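Subject: Structure for you to look at

Hello,

Here is the structure I promised to pass on. Please open it and keep it in view while you read.

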Amino acid sequence: MKEQIIALFHTYENIAYLISIAINIFISILGVVPSFFLTAANLTVFGFWKGTFLSFAGEAIGAIVSFFLYRKGFRKISEKKLFSHPKARRLLEAKGLEAFFLVLSLRLLPFVPSGVVTFVAAIGKTSLWIFMIASSMGKIPALLLEAYSVYHVMNWTWQGKVISTFLSILLLLFTWKKTNGNKD
C-alpha cells in the first residue's frame, strides 16, 4: 500500500500534500484502518520532519472531520445503553475539563484505537472545541513515536531492528497465549 501511495504522490506532486491529508481523513472516518503505511509514505516522499508534520496535520484534521460526521450521524446511539463499559460511559458523559483530560489521555495510550475515542467522544457530551484541542495535543507524542519507529524500521537502523524484534516477540507471545489459552 505504501508504494501505491508514494507513486500517487509522485504522479500528482503539485497536490501531494492535499492527497495525503485526504487519505488521512478517509482513514479517520473509517476508524479501524491503521495509518502507519501513510506515515511511511509521507516520511519517504517528504522527509522525516515534513512527513511527520503532514501526518500530524492529516490525523488531526481527520479526527475533527470524523468527530463532526459521527456526531451528526450517530448521536442518537448515545441515548441508548449500548456502551456499558465504565470507561466508555465516562467519556460519553464527560464535559469540560474532564472530557479534555479523558480524550488527551486516551490519545496518549498507543493501544487505544483512535476511531473508538473519536466515536465515543462524538456521540457523547464532549464539545467540538475540547475534542479538537485535546485530540490534537494527544496526537503529537503518539505520532512522533510512530514516525520515529516507522523511519527506523524502513531504514533498518539498529533502532529499527530493536523495534522489529520487540514487535515480533510481542506477536509471538500474543499468538502463543491465544493458542495455548484455548486448550482449556
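Predicted model: local features only at pLDDT ≥ 70, side-chain atom pairs only at ≥ 80, totals over all residues.

Start with helix 1, residues 2–11, and helix 2, residues 16–30. Their axes come within 8 Å. They cross at roughly 145°. The crossing is right-handed.

Which residues meet there? From helix 1, look for Ile 5, Leu 8 and Phe 9. From helix 2, look for Ala 16, Ile 19, Ser 20 and Ile 23. The residues of this contact divide into 6 nonpolar and 1 polar, with no charged ones.

**A closer look at Leu 8**

Pick out Leu 8 in helix 1. Leaving aside residues up to four places away in sequence, Leu 8 touches Ile 19 and Ile 23. Take Ile 19: it sits 11 residues from Leu 8 along the chain, and the two C-alpha atoms are separated by 8.4 Å.

Is Leu 8 buried, exposed or partly exposed? Its relative accessible area is 32%, so Leu 8 is partly exposed. The cut-offs behind that word are under 20% for buried and over 50% for exposed.

**The aromatic rings**

Now turn to the rings. The count comes to 8 aromatic pairs. One of them is Tyr 17 with Phe 46. This pair is stacked. The ring centres are 4.9 Å apart, and the angle between the planes is 20°.

What does this pair tie together? Tyr 17 lies in helix 2, while Phe 46 lies in helix 3, residues 36–46. The pair therefore ties together parts that are 29 residues apart in sequence.

Tyr 17 is partly exposed, with a relative accessible area of 41%. Phe 46 is buried, at 15%.

Phe 100 and Phe 101 give another ring pair. Their centres are 5.1 Å apart. Their planes stand at 85°, so this pair is edge-to-face. The cut-off for edge-to-face is over 60 degrees. Phe 100 counts as buried, with 14% relative accessibility.

**Back to the helices**

Finally, find Phe 9 again. Ring pairs link Phe 9, Tyr 17 and Phe 46 into a cluster.

Best wishes

Notes:
Residues numbered from 1 in each chain as written. Heavy atoms only, no water. Axes fitted to C-alpha atoms, helices over the stretch in contact; angles between N-to-C directions. Helix = DSSP H or I, 4+ residues; strand = E, 2+ residues; numbered from the N terminus. Left-handed = near helix turned anticlockwise from the far one by under 90°. Contact = heavy atoms within 4.5 Å. Nonpolar A, V, L, I, M, F, W, Y, C, P; charged D, E, K, R; others polar. Buried < 20%, exposed > 50% of the residue type's maximum accessible area, 1.4 Å probe, protein only. Phe/Tyr/Trp six-rings, centres within 6.5 Å; stacked < 30°, edge-to-face > 60°.
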